[in-house]
Amino acid sequence: MKNNKSDNKKGGKSYIIVVGCGRLGANLATALSDVGENVVLIDKSAESFRKLSPSFGGITLVGDASEMTVLNNAGIAKATAVISLTNNDNTNIMVAQLAKKMFNINQVIARLYDPERECVYREFGIETICPAVLSMKEIDILLPSIPLGYLEQEGGEVNQKIAEK
Ligand code: AMP
């Protein structure tokens, strides 16, 4: 585990594990760290941490987050929130389920590319974000002259609509 700054900010209220240091993961981890939260960021590739802003004051950990030892090393037992943002739905689901069921962590968020799965896991109490769903809603807003029908629908219906296309 690497502490990115010698003057690591203390006093954050939460201990947050972010999994996946792609664009989104790197931005989120930096934003959380900038507001004073304690952040541990996991990625299987050390190269990915190059995306981090110099202001990031959390901890980076190289490892495959689908391995229990890696999550233990990240301190999952004391985590207050786990946000899994890898590019692999199975990994994100696995991490989220472990965090929720084994460690009883309240705030668990998983990014899922597959809109059909997003609905299923939301029912299990795991907060999910699906880029395709969010994008369709945003495009619907940006094209007010063409009503696409994604805004009036419940989350599940939007997912189904996208999955069927
Ligand atoms: P992106 O698709 O740009 O959001 O990046 C996703 C990130 O997740 C990449 O940096 C991958 O190296 C990382 N990643 C993918 N699978 C795993 C895994 N099992 N454990 C940790 N990091 C992962």
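How many residues of domain 1 are in contact with how many residues of domain 2? Hello everyone, let's work that out together. This is a predicted model, in which local features need pLDDT of at least 70 and side-chain atom pairs count only at pLDDT 80 or more, while totals for chains, interfaces and linings use all residues. Residues are numbered from 1 along each chain as its sequence is written.

The domain assignment gives domain 1 (2–129) and domain 2 (132–165); such bounds come from an automatic or database domain assignment. Their centres, taken over C-alpha atoms, are separated by 28 Å. Now for the reply to my opening: five residues of domain 1 are in contact with seven of domain 2. Two residues are in contact if their C-beta atoms, placed from the backbone, lie within 7 Å. On the domain 1 side, helix α4 (residues 115–123) gives the most, with four residues. By class, that side has three nonpolar, no polar and two charged residues. Here Ala, Val, Leu, Ile, Met, Phe, Trp, Tyr, Cys and Pro count as nonpolar, Asp, Glu, Lys and Arg as charged, and the others, Gly among them, as polar.

Let's step back to the whole chain. The protein has six helices and seven strands; these are DSSP runs, numbered from the N terminus, with helices (H or I) of at least four residues and strands (E) of at least two. From the N terminus on, the order is β-β-α-β-β-α-β-α-β-α-β-α-α. The radius of gyration is 17 Å, close to the 15 Å that the globule rule gives for 165 residues, so the protein is as compact as a globular protein of that length. That radius is taken over C-alpha atoms, and the rule is 2.2 Å times the number of residues to the power 0.38.

What about the inside? Of the 165 residues, 35% count as buried. A residue is buried if 20 or more other C-beta atoms, placed from the backbone, lie within 10 Å of its own, exposed if 12 or fewer, and partly exposed in between. The largest nonpolar core has 39 residues, and Ile17, Val18, Ala29, Val82 and Ala96 have the most contacts inside it. Such a core is a set of buried Ala, Val, Leu, Ile, Met, Phe, Trp, Tyr and Cys residues joined through C-beta atoms within 7 Å. Have a look at Ala29: beyond residues up to four places away in sequence, Ala29 touches Val18, Cys21, Val39, Leu41, Leu52, Phe56 and Gly58.

Next, the ligand. Of the 20 residues around the ligand, Gly20, Gly22, Ala65, Thr86 and Asn87 come nearest; a residue is near if its C-beta atom, placed from the backbone, lies within 6 Å. Helix α1 supplies the largest share of this shell, three residues. The shell has six nonpolar, ten polar and four charged residues.

Finally, two loop residues. Is Thr80 buried or partly exposed? Thr80, in the loop between α2 (68–73) and β5, is partly exposed, because 15 other C-beta atoms lie within 10 Å. Leaving aside neighbours within four places in sequence, Thr80 contacts Ser14, Tyr15, Ile16, Ile105 and Gln107. Asn104 lies in the loop between α3 and β6 and is exposed, because it has 9 other C-beta atoms within 10 Å. Most residues other than glycine have a negative phi. Asn104, however, has a positive phi, near 55°.
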